[in-house]
Amino acid sequence: MKLLNRSALSVRPTRHFVDWINALEPTMGEDDLTLADVERESTVYLIPEMDTPEALEAFVRERYLEILETELRAWEEDERQWPEALDWALFQRFLQVEHSYLAIDLDDETALEISEVDDSLLLDTDQD
């Protein structure tokens with residue numbers, strides 16, 4: 001195990017986010033995604049270590065737009081389909097944030113790799 005010098009921010013969708021996803025391509029009832037379906041796709045962001053709730057709130061408020069855009073882009077590349085106002089209120093309505101003080105890597109065999117986030121990494125590119 002390796003202790004990383006990071007905290008973690010788990011970002012999970014809310015019902016409002018799922019409703020937005022389902023409105024992108026309207027389907028009939030049982031074909032709609034559920035909150036449970038979308039929660040399986042939740043994201044964990046590694047962030048600087050945060051010692052106080054105030055520091056965490058300040059960091060999230062500073063970076064909320066970047067996080068919100070990443071979450072929206074994971075479901076829809078076309079920004080014209082995104083909600084009009086990408087503001088703090090939308091972030092709070094669409095996403096739940098949970099903070100973990102410690103980030104521990106349990107993989108003892110594979111070295112951590114760093115790569116830039118690319119839209120193709122966020123989208124399902126499975127060609128099977």
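Glu-71 sits in helix α3. The model is a predicted one. Glu-71 is buried but makes no salt bridge. Its nearest side chain of opposite charge is that of Arg-73, 10 Å away. Which residues touch Glu-71, once its neighbours within four places in sequence are left aside? They are Val-11, Phe-17, Thr-43, Tyr-45 and Leu-95.

**Aromatic pairs**

The whole structure holds 6 aromatic pairs. One joins Phe-17 and Trp-20; its ring planes meet at 50°, so the pair counts as tilted. The ring centres lie 5.6 Å apart. Phe-17 and Trp-20 are 3 residues apart in α1, about one helical turn. An α-helix has 3.6 residues a turn, so residues three or four places apart point the same way. Phe-17 is buried, at 1% relative accessible area. Trp-20 is buried too, at 11%.

A further pair is formed by Tyr-64 and Phe-91. This one is edge-to-face, with 70° between the planes and 5.9 Å from centre to centre. Tyr-64 belongs to helix α3 and Phe-91 to helix α4, so the pair ties together parts 27 residues apart in sequence. Tyr-64 and Phe-91 are both buried.

The two pairs are set out here.

| Pair | Centre to centre | Angle between planes | Class |
|---|---|---|---|
| Phe-17 and Trp-20 | 5.6 Å | 50° | tilted |
| Tyr-64 and Phe-91 | 5.9 Å | 70° | edge-to-face |

Phe-17 and Trp-20 also share one aromatic cluster with Phe-94.

How far apart in space are His-99 and Ser-10, C-alpha to C-alpha? The distance is 6.4 Å, although 89 residues separate them in sequence. Beyond its neighbours within four places in sequence, His-99 is in contact with Ser-7, Ala-8, Leu-9, Ile-47, Met-50 and Leu-56.

**The surface patch**

Six residues make up a nonpolar patch on the surface: Met-1, Leu-3, Tyr-101, Leu-102, Ile-104 and Leu-106. Together they have about 710 Å² of accessible area. Met-1 comes in the segment before β1 (2-4). Is Met-1 buried or exposed? Met-1 counts as exposed because its relative accessibility is 68%, and the cut-off for exposed is over 50%.

**The chain as a whole**

The protein chain has 5 helices and 5 strands. Their order from the N terminus is β-β-α-α-β-α-α-β-β-α. Of the 128 residues, 29% are buried. The accessible surface is about 9200 Å². Carbon and sulfur atoms account for 48% of that surface.

Take the contacts between residues at least 6 apart in sequence: 75% of them join residues at least 24 apart. The Tyr-64 and Phe-91 pair links parts 27 residues apart. His-99 and Ser-10, 89 residues apart in sequence, come to 6.4 Å in space, C-alpha to C-alpha.

Key: Residues are numbered from 1 along each chain as its sequence is written. This is a predicted model: local features need pLDDT of at least 70, side-chain atom pairs count only at pLDDT 80 or more; totals for chains, interfaces and linings use all residues. Side-chain values use heavy atoms; hydrogens and water are left out. Patches are made of residues with over 30% relative accessible area and no salt bridge: like charges are joined within 9 Å, nonpolar side chains (Val, Leu, Ile, Met, Phe, Trp, Tyr) within 5 Å. Accessible areas come from the Shrake-Rupley method with a 1.4 Å probe; for residues, only the protein chains shown count as cover. A salt bridge is a side-chain nitrogen of Lys or Arg within 4 Å of a carboxyl oxygen of Asp or Glu. Helices (H or I, at least four residues) and strands (E, at least two) are DSSP runs, numbered from the N terminus. Buried means under 20% relative accessible area, exposed over 50%, partly exposed in between (1.4 Å probe, protein chains only). Rings of Phe, Tyr and Trp (its six-membered ring) pair if their centres lie within 6.5 Å; planes under 30 degrees apart count as stacked, over 60 as edge-to-face and the rest as tilted. Lys and Arg count as positive and Asp and Glu as negative; His and the chain ends are not counted. Contact means heavy atoms within 4.5 Å.
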